[in-house]
Amino acid sequence: MEKTICELFAGVGGFRLGFDRLDSGWRTTWFSQWEPGAATQWAHQCYVQHYGDSPDLNNEYHTGEDIASVEKSSIPDHSLLVGGFPCQDYSVAHTLASAHGIEGKKGVLWWQIRDVLIAKQPPFCLLENVDRLLKSPAKQRGRDFGVILACLSALGYSVEWRVVNAAQYGAAQRRRRTFIFAYRNDTHYGKEMAGRSFDEILREDGFMARAFPIQGMEPVRQKDIGSDIVAVSDTFAFTFENAGYMHGGTIYTAKVVEAEEPATMLGAVLQHNVDEKYYITGDKMAKWVYLKGAKKIPRRTKEGHEYVFSEGPIAFPDPWDRPGRTMLTSESTLNRSTHTVVDPGTGRIRLLTPVEAERLQGFDDDWTAGMPDRMRYFCMGNALVVPMITRMGHVLDDIIADEE
Ligand SMILES: C[S@@+](CC[C@H](N)C(=O)[O-])C[C@H]1O[C@@H](n2cnc3c(N)ncnc32)[C@H](O)[C@@H]1O
């Protein structure tokens, strides 16, 4: 099997960089990256600067357009479809035209991924989403992930998932993300896994357990989901744990305790004596102290109900001897979740530099150079922890070696 990749929602290329670092022959045949409503497509430009653009099967260039407008059959062949996509409302209804057809909400990117799977039938698929995906929506917990599993089951895939905190596996950031690995049941790997018990798969033998070893596992719960997507959308609710497996329409899930590999500390990614513009000075200091501090604020709801909004303190500055917190797209703006650090050279408090933001995500230094700083932080907040991809890539290398 050829080691070829299609990267959807490519951002600045976190998946591609993670597979390139393996240096084991992976080749990206096509990618797609378009930021809705943005006049300048910074992420697409950055991606093309690093890797060049990719023609489709009609020899046309559509990588920088809304994926919804792309004819999926024109996407070049690939053995692995990858992408980080947002947690949205995945509910569906029957189409008016046909009781068998289904219709999701417009602009929901999962349906684009499904369309590519239908058109190209890649043997393997690796996706990234936020950890909240497993619990959404609040009024029907687990429905959204249930819809994803039912779709994949109907298309002939089995699935493994894990919520991975990157800091547990050596990264400098406490970032929890759901990784979803789907494989076609007719692959060598699919047939091999079909012969294993769910317990073996979740503990040791499965893709996720090999990429992200665990210390322990609580008892497994199981539930049939089937592949009737509309029925799942209407009625399915389930408590998904941080690890799981779906095969033949049956879900197996268990809470696992992640291994504890030595993390990288925030102090280890810091630059010294950085540009003056990153320091917190003068009257801004009081604002930061307030934002990061504990508060109790009387508030009133729309209906006139009074309550006290309270939040605890958050470390100010962020300590050097812990991994960083989760980086958001708002990093470096005046915001409680922005990191603040003591500069190791000057001893003064400042924000992270764009290079430090890149290091927190495991990108090469200056990966996003050339963009305005604001966009560099934004793209890093959107990206993933690259070494987590490389870890999964090692396991995929072994899997592909056994495929025809
Ligand atoms: C969570 S980010 C993924 C970031 C990526 N994994 C990386 O390493 O940089 C999702 C990306 O999807 C892009 N996107 C959103 N809607 C899109 C659409 N309709 N078509 C193509 N790309 C889209 C966003 O601009 C964003 O860069």
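# Close-up views of a predicted model

The structure holds 22 aromatic pairs; rings of Phe, Tyr and Trp (its six-membered ring) pair if their centres lie within 6.5 Å, with planes under 30 degrees apart counted as stacked, over 60 as edge-to-face and the rest as tilted. This is a predicted model: local features need pLDDT of at least 70 and side-chain atom pairs count only at pLDDT 80 or more, while totals for chains, interfaces and linings use all residues. Residues are numbered from 1 along each chain as its sequence is written, and side-chain values use heavy atoms, with hydrogens and water left out.

**View 1. The aromatic pair F145 and W161.** The ring centres of F145 and W161 are 4.9 Å apart and the planes meet at 80°, so the pair is edge-to-face. Distant parts of the chain are linked here: F145 belongs to helix α4, W161 to strand β7 (residues 157-165), and the two are 16 residues apart. Helices (H or I, at least four residues) and strands (E, at least two) are DSSP runs, numbered from the N terminus. Are F145 and W161 buried or exposed? Both F145 and W161 are buried. Buried means under 20% relative accessible area, exposed over 50%, and partly exposed in between (1.4 Å probe, protein chains only).

**View 2. The aromatic pair Y183 and Y189.** Y183 and Y189 also form an edge-to-face pair, 4.8 Å from centre to centre with 80° between the planes. Y183 is buried, as is Y189.

**View 3. An aromatic cluster and two charges over rings.** One aromatic cluster is formed by F31, Y47, Y51, F363 and W367. Over the face of Y51 lies R16, 4.1 Å from the ring centre. A charge sits over a ring if NZ of Lys or CZ of Arg is within 6 Å of the ring centre and within 35 degrees of the ring normal. R348 has its charged end over the ring of Y279, at 4.1 Å from the centre.

**View 4. Helix α3 against helix α4.** Two packed helices are described by the angle between their axes and the distance between the axes. For α3 (residues 110-120) and α4 (residues 143-154), the axes come within 11 Å and cross at roughly 10°. Axes are lines fitted to C-alpha atoms, for helices over the stretch in contact, and angles run from 0 to 180 degrees between N-to-C directions. α3 and α4 are therefore roughly parallel to each other. Angles under 35 degrees count as roughly parallel, over 145 as roughly antiparallel, 65 to 115 as roughly perpendicular and the rest as oblique.

Which residues meet in α3 and α4? W110, W111, R114 and L117 of α3 meet V147, I148, C151 and L152 of α4. Contact means heavy atoms within 4.5 Å. The residues of this contact of α3 with α4 divide into 7 nonpolar, no polar and 1 charged. Ala, Val, Leu, Ile, Met, Phe, Trp, Tyr, Cys and Pro count as nonpolar, Asp, Glu, Lys and Arg as charged, and the others, Gly among them, as polar.

View 5. α3 is mostly covered, with 8 of its 11 residues buried. The buried residues of α3 are W110, W111, Q112, I113, R114, V116, L117 and K120.

**View 6. F198 and its contacts.** F198 lies in helix α6 (residues 198-205). Its relative accessibility is 28%, so F198 counts as partly exposed. Leaving aside neighbours within four places in sequence, F198 is in contact with V220, Q222, Y245 and Y252. F198 and T253 lie 55 residues apart in sequence, and 9.0 Å apart in space, C-alpha to C-alpha.

**View 7. The buried residues of helix α11.** In α11 (residues 373-382), M375, R376, Y377, C379, M380 and G381 are buried. The buried residues of α11 pack against α2 (42-51) and α10 (354-360).

**View 8. Two cis peptide bonds in loops.** S136 and P137 are joined by a cis peptide bond, with omega about -10°. P137 lies in the loop between β6 (124-130) and α4. The bond from F316 to P317 is cis too, with omega near -5°. P317 is placed in the loop between β15 (306-311) and β16 (340-342).

View 9. N59, a residue other than glycine, has a positive phi near 65°. N59 sits in the loop between α2 and β3 (80-84). N59 is exposed, with a relative accessible area of 59%. For N273, phi is positive and near 50°. N273 is found in the loop between β13 (256-258) and α9 (284-292). N273 is exposed, at a relative accessible area of 52%.
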